[in-house]
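Subject: Handing over the two-chain model

Dear colleague,

I am passing the structure on to you with this message, and my notes on it come after the display. Please look through it first and then read on.

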Amino acid sequence: MIRAVIVINTQGKPRLAKFYEFQPVEKQQELIRSVYGVLSSRAENVSNFLDAESIFGPDTRLVYKHFATLYFVFVFDSSENELAMLDLIQVFVETLDKCFKNVCELDVVLNYSKLHTVLDEIIFGGQVLETSSTEVLKAVEEISKCLFCPSPSFCLNILFEGGLYTCSCLDWND
Amino acid sequence: MEQLKTIGRELAMGSQGGFGQSKEFLDLVKSIGEARSKAEEERIVLHEIETLKRRLSEPDIPKRKMKEYIIRLVYVEMLGHDASFAYIHAVKMTHDDNLVLKRTGYLAVSLFLNDDHDLIILIVNTIQKDLKSDNYLVVCTALNAVCKLINDETVPAVLPQVVELLGHQKEAVRKKAIMALHRFYQKSPSSVSHLVSNFRKRLCDNDPGVMGATLCPLFDLITIDVNTYKDLVVSFVSILKQVAERRLPKTYDYHQLPAPFIQIRLLKILALLGSGDKQSSEKMYMVVGDIFKKCDSTSNIGNAVLYECICCVSAIHPNPKLLEQAAQVISRFLKSDSHNLKYMGIDALGRLIKISPEIAEQHQLAVIDCLEDPDDTLKRKTFELLYKMTKSSNVEVIVDRMIDYMISLNDNHYKTYIASRCVELAEQFAPSNQWFIQTMNKVFEHAGDLVNVKVAHNLMKLIAEGFGEDDDTADSQLRSSAVESYLRIIGEPKLPSVFLQVICWVLGEYGTADGKYSASYITGKLCDVAEAYSNDETVKAYAVTAIMKIYAFEISAGRKVDMLPECQSLVEELSASHSTDLQQRAYELQAVIGIDAHAIESIMPSDASCEDIEIDKNLSFLNGYVQQAIEKGAQPYISENERSGMSSINNFRSQDQHEALSHSLRFEAYELPKPLVPSRVPPAAVASSTELVPVPEPSYARETHQSASLPSVSDAGSLELKLRLDGVQKKWGRPTYSSSASSTSTSPHKTTNGITQVDGVSTSNSKARDTYDLRKPSVEISPEKQKLASSLFGGSSRTGKRPSSGNHKVSKAAEKLQVSKAAGAHTDAAVEKTNHEPTPDLLDFSDSTVTSTAPSIDPFQQLEGLLDQTEATSTVNNGPAGASKTPEIMGLYADTPVSGLTSSVGDPVLTNRDDFNLASELSNATRTSQVGVSQSNKGPNPKDSLEKDALVRQMGVTPTSQNPNLFRDLLG
């Protein structure tokens, strides 16, 4: 199972942290710090795998990928395949890229909840749910429709423009 | 851009309706991003928390704003600050009817709360309701929350609903319900054990996605209990076959591979089911072989599937054809430029090597390359592999390598791990005791505080007991070499405590044994140790006892003892020590010095640490004394049992038993304190330090016997204090050499063969390995590497062929001896001596092919074969050296359709990129040019960034010029 998904930038600031087994806030910080400590000392063209047992305990592995200013880190156990996890990171980032058009760190920061939505459509309770970024995107869009209308399935006012759903019956204050 | 539009619109609306919060959030993020120091960031976040606290306490917060606050709180908590004051608001939000708010609520709650948090009880009801909702999005949201928030206590509350959802019409819901059920199973297997059959049922779901989801729980179930699922082998095989034959809808393809994640999962399951089961395995051969053939090895995910195939092949009942296919894939992995593939290759090799050990040979140079790779992950994986293939022929090289690496490490966790591996290998395969001691010294010196104390025991035991052969001179040689090495090491600063204990003990026992060092020299050294490590009581205790032993041996040898002044002051200091143990030792030392030689002989015999101590539990030697006392009118001793029967109230010693008899208010319990029975297994850590301390136990035991005080203590003590020599296996020895030494038949005509001549030419103490050096000019790869290769892998060829014939062995032995003899003939006798050391490694090469008739020229042929190989690999390695610097991303993208990624229309680079992706598929050579492209690719990205920047400015946020990285495209 996948134990954690962490996104940190190259300065060590966490951008997303999702632990599939509960960790107290302080512990989370400690884990993120130690992961960053190891990642920042890795050379550029080495493998994407790391022995994570000293950080996350027995039977844990870590796969990371460096994109521009961000590290994407997946922590998982021996029931997963390292190369496959590497591809899962790719799926995650590709989906974000489709969501945000040339995704950059700022998108990741500002759309914190959307990031979680995307991730939840890829990993569910620590297991891989979906690996096709098109499918993930579909599911996410289904949900984002609701962002602009409280009852999308019955709404006739939803408009789709420029990759965005809008709805004229938007009323948030009731 | 989308989100900026969103923000922009929100801002626009903000002017009308007051939704301006996003700007606050943006400002927060930006100011944190630009914070110069941790303290500044702290201040900003604390300020934010204050603001949020204030806002949340306001009445009638609009829901939209509330959502914004909650998100900000989640963000704040991710940065490591406590947001518990707002948990209740998040919980409240889950009750909302609006899906967006509900989702936000669930998201926040599942990030904030542990499954045993008090607030969970307030959510369970909502979850129940949501699981029954008509809107499948609500159901999915609730299912997602269930995974995180439900524990074994609350499972029953939601279980019926989740089970019902297994039959939901939407496949997405069914899939998630299965996974939620799996999560329940992980958290509390007992609560869902009656529902396990559901997983089997859902395996036949019409939707492949749902089927794929059931594989995860089934994998877990099969891991625990293989046998109940054997009947599913056929189903799994047929599913895998269908997947591999592309019978699934196109949408399940990933990078042109049919449902690779499902394939991986299935292969993992098959590996479990086929392990040690020939019948089941045979059903799998076909489909696994098919996948080997069909799988696309150019994509990352294709290799993931191939790797999983290898794992499966090496786990199930072996099939030669599949093993061959696996070996091919491994060699492709190892030859690849990608570190990831090399890593997988090494891992796979480690799996396959158990079944077919000969496969390692083909890859020896690749393995050595990995060992010398700067990548730590790869290096560690390679050590793992070496550990698996260690045998007595290559243990020296491997352990040396491990120790070198261990010394260079800073990471204590891994250092401990590799140190214990070194010790394990050394204990198992040590070719000689000398080597074992040297190796142990190194391990102790560099990782002494990290290894198990038991290791120290074994080492002391080895030095004390010697080889286990009746060879006293060899024993004493070993000891003097140990003493010598310790005297050399002892001066070094900051030695680990455990190592110092060993040193002190050995110096005490054998420091003066060979007469090379004077007592005052050794005691001086020991005093230095006690002084240098004055806050380590255990070491001090060892040192003092060692000093005592030295003096005792001196006295019993009839020499006069002059206590060194520093020794005297040490004893004085210790006799006033807070530690009673140290005090006692100091007093004992003083007492021992005063006794005459004869008495010392019996209380402190030299080299008697291994002797068994007989304990007279009846204290019969006191009989005379007791008799005398009784005659003088003393009361006879009445045993404890008798006394308690006689109602003696004041007897404290038998209080426990007493209570049992006299008190009526007693509900069992009060276990009698168990007598200190020392366990056979030396206890770890805490206990062991005390266990090792009282080394000179013979003196203890005997002394106390003589003085007749504290009989019970001496009893337990003598049992406990003994250096534990039993239960330690005798693992080392020198099997090969001793056998060859016995067969001294030499056939003179063989002196003409290649090896002996070469050997003769090389210098006097040449091991046969050095023959490599003679061929240096023609070698492109460094000779060290080859040497390493031969010493690592040489043995494996032998083990592969050894069983073929019995007389092979004899001829080998003869060969070996003959070589050494010949070498000796050319030089002086010293060579012979060196040859008496463990078998030279090169000879292992010859072993495989040499028969008694054919002279051993073959090693060179082998060597040449080796060279060819190395040349080949070296060119492969050097060729794309530039390319290997290519960013991984490009490599991965090379085979993916790019359209989705650079989809912005009118992007001038789009066509460019397409071209190059095609090119990269054609050959490696273009990869170098790709680097250029990927850089030029980044050209337009600043443009995008500028646009984003401009938008942010428009929104009234100060530009992020200091933080331009925020705008860098991740997939640039």
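Predicted model: local features only at pLDDT ≥ 70, side-chain atom pairs only at ≥ 80, totals over all residues.

**The interface**

Where chain A meets chain B, 89 residues of chain A are in contact with 94 residues of chain B, and the two chains bury about 8500 Å² between them, with 60% of that area on carbon and sulfur atoms. The count of residue pairs in polar contact between chain A and chain B, with both residues at pLDDT 80 or more, is 21. On the chain A side, the largest share of the residues that touch chain B comes from helix 3 (residues 82-100), which supplies 14 of them. Sorted by class, that side of chain A is made up of 40 nonpolar, 25 polar and 24 charged residues.

The rule finds 5 salt bridges across the interface of chain A and chain B. In one pair, A:R42 forms a salt bridge with B:D375, and the closest N and O atoms are 3.0 Å apart. There is also a network of salt bridges that links A:D51 with B:D376, B:R380 and B:D411.

**Chain A**

Chain A has 6 helices and 9 strands, and buried residues make up 67% of its 174 residues. Of the contacts in chain A with a separation of 6 or more, 45% are accounted for by residues 24 or more positions apart.

Which part of the chain is largely enclosed by the rest of the structure? It is helix 5 (residues 112-122) of chain A, because 10 of its 11 residues are buried.

**Salt bridges within the chains**

Over all chains, the structure holds 38 salt bridges. In chain A, A:R15 forms a salt bridge with A:E105, with 2.9 Å between the closest N and O atoms. This pair links distant parts of the chain, since A:R15 is in strand 2 (residues 14-19) and A:E105 is in helix 4 (residues 105-110), 90 residues apart. A:R15 counts as buried at 3% relative accessibility, and A:E105 likewise counts as buried at 3%.

A salt bridge is also formed by the side chains of A:E82 and A:R61, at 2.9 Å from N to O. Because A:E82 lies in helix 3 of chain A and A:R61 in strand 4 (residues 61-67), this pair ties together parts that are 21 residues apart in sequence. A:E82 is buried, with a relative accessible area of 3%.

For a pair in chain B, you could turn to B:D253, which forms a salt bridge with B:K250, the closest N and O atoms being 3.2 Å apart. B:K250 counts as exposed, at 65% relative accessibility.

B:T214 lies in helix 13 (residues 208-224) of chain B and is buried, with a relative accessible area of 0%. Leaving aside residues up to four places away in sequence, B:T214 touches B:I178, B:F199, B:R202 and B:L203.

B:V397 has its place in helix 23 (residues 395-408) of chain B, where it is buried with a relative accessible area of 12%. The C-alpha atoms of B:V397 and B:K787 are separated by 9.8 Å, although these residues are 390 residues apart along the chain.

With best regards

Methods. Residues numbered from 1 in each chain as written. Chains lettered and ligands numbered in written order. Heavy atoms only, no water. Contact = heavy atoms within 4.5 Å. Buried area = accessible area lost by both parts, 1.4 Å probe. Salt bridge = Lys/Arg side-chain N within 4 Å of Asp/Glu carboxyl O. Polar contact = N/O pair within 3.5 Å; in protein donor to acceptor, adjacent residues only side chain to side chain. Helix = DSSP H or I, 4+ residues; strand = E, 2+ residues; numbered from the N terminus. Nonpolar A, V, L, I, M, F, W, Y, C, P; charged D, E, K, R; others polar. Buried < 20%, exposed > 50% of the residue type's maximum accessible area, 1.4 Å probe, protein only.
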